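The structure is shown first.

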Amino acid sequence: MNLEQTGILAPLPEQARYLTFELAAPEAVRDSLLALRDIVDGERAVLGIGPSLARALGADIPGLRVLPPQACDGFDIPSTPAALWCWIRGEDRGRIFHYSRSIVEALADAFRLTQSVDGYKYAEGRDLSGYIDGTENPQGDHARTVALADDTVPGLAGSSFVAVQLWEHDFDQLEAYSRVERDDMIGRRYSDNEELDDAPPSAHVKRTAQESFEPEAFMLRRSMPWSEGDAGGFMFVAFGHTLDAFEASLHRMSGAEDGIADGLFRFTRPRTGAYYWCPPIRDGRLDLSLFGL
Ligand code: HEM
């Protein structure tokens with residue numbers, strides 16, 4: 001029996017909205033979550049619970065923690081934890097808008113909306129830098145094993161952990177680099193998406209090569225571009241049965257291991273960074289039993 005929020009493994013939608021909430025009135029939290037449970041099914045919207053909310057509900061989710069911030073060589077990797085995260089998925093912006101309003105309303109007594117960002121699919125799944133994302137994502141049963149927790153820990157079967165970072169690109173900076181320099185930053189050729197044999201060690205796909213970690217650091221990436229006016233970038237979203245693969249990869253990207261920072265930092269920066277736990281689905285609705293709901 002499949003227990004996961006189905007939006008996690010499903011292909012990327014055409015349109016999306018990302019909502020982030022803080023807890024404003026703890027006394028109303030249980031009623032608000034019960035109202036939310038009636039309208040979030042894990043498919044049209046994937047829900048994640050942050051460490052502070054789990055704590056407010058008196059639950060310990062093994063493996064859920066706060067993303068560690070890092071001060072790197074000339075740039076920062078911020079940690080911006082939040083109580084609740086919702087990834088609304090769909091094909092129609094109007095429907096997403098109205099669904100989003102109903103979620104905010106269901107939560108209104110206890111939660112305050114702190115961020116709302118619209119995302120979308122660009123061409124065949126490209127980042128706004130032009131490069132195709134997701135090529136080396138695990139597929140099929142492997143994707144399921146990578147992204148979903150099993151029943152080793154009671155209550156976690158079918159659940160997932162997610163890392164979310166809003167990256168903001170500097171497009172003028174990006175466009176000042178030649179095509180060859182950009183290919184080297186990513187480690188893949190823009191023209192045909194082939195991996196470069198001679199990519200520099202700073203190339204993003206060299207830094208994050210999933211099989212190069214011990215243990216291997218596989219994650220299921222489900223990121224989408226975002227933009228607002230002239231600002232834009234990538235909403236990086238990676239699901240895992242734990243947060244360890246993401247954390248190890250980000251640590252290596254930062255340059256903390258060997259002084260080599262990921263080529264991505266030449267044109268983009270993470271502005272947010274948070275971890276959440278995505279509860280399983282039981283009998284067609286979110287299973288919040290670990291919180292006594
Ligand atoms: C602005 C942010 C980012 C952009 C634009 C980006 C873009 C890309 C692109 C174009 C690829 C190559 C195609 C593919 O296999 O998907 C890739 C691969 C990958 N990225 Fe990122 N990425 C970003 C951030 C991150 C972060 C923060 C992590 C993890 C901490 C990450 C982990 C990976 C992994 C694991 C791969 C596959 C590596 C392999 O070949 O095994 N990415 N990314």
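This is a predicted model: local features need pLDDT of at least 70, side-chain atom pairs count only at pLDDT 80 or more; totals for chains, interfaces and linings use all residues.

Residues are numbered from 1 along each chain as its sequence is written, and side-chain values use heavy atoms, leaving out hydrogens and water.

UniProt, in an unreviewed entry, lists residues 125-281 as "domain: Dyp-type peroxidase C-terminal"; such annotations may be inferred rather than shown by experiment. The span is 23% helix and 23% strand, and its end C-alpha atoms lie 28 Å apart. Helices (H or I, at least four residues) and strands (E, at least two) are DSSP runs, numbered from the N terminus.

Strand β7 (residues 160-169) has 9 of its 10 residues buried, so it is largely enclosed by the rest of the structure. Buried means under 20% relative accessible area with a 1.4 Å probe, protein chains only.

| Partner of β7 | Sense | Bridges |
|---|---|---|
| β12 (residues 274-278) | antiparallel | 5 bridges |
| β10 (residues 231-240) | antiparallel | 8 bridges |
| β11 (residues 268-270) | antiparallel | 3 bridges |

F161 has W277 as its bridge partner in β12 and G240 in β10. E168 stands opposite R269 in β11.

Q165 also belongs to β7 and is buried at 1% relative accessibility. Its side chain makes a polar contact of 3.0 Å with that of W167; a polar contact is a pair of N or O atoms within 3.5 Å, one able to donate a hydrogen and the other to accept it within protein, and residues adjacent in sequence count only if both atoms are side-chain atoms. Leaving aside residues up to four places away in sequence, Q165 touches residues including F234, F236, L250 and P270, where contact means heavy atoms within 4.5 Å.

Technical notes. Buried means under 20% relative accessible area, exposed over 50%, partly exposed in between (1.4 Å probe, protein chains only). Two strands pair if DSSP finds at least two bridges between them.
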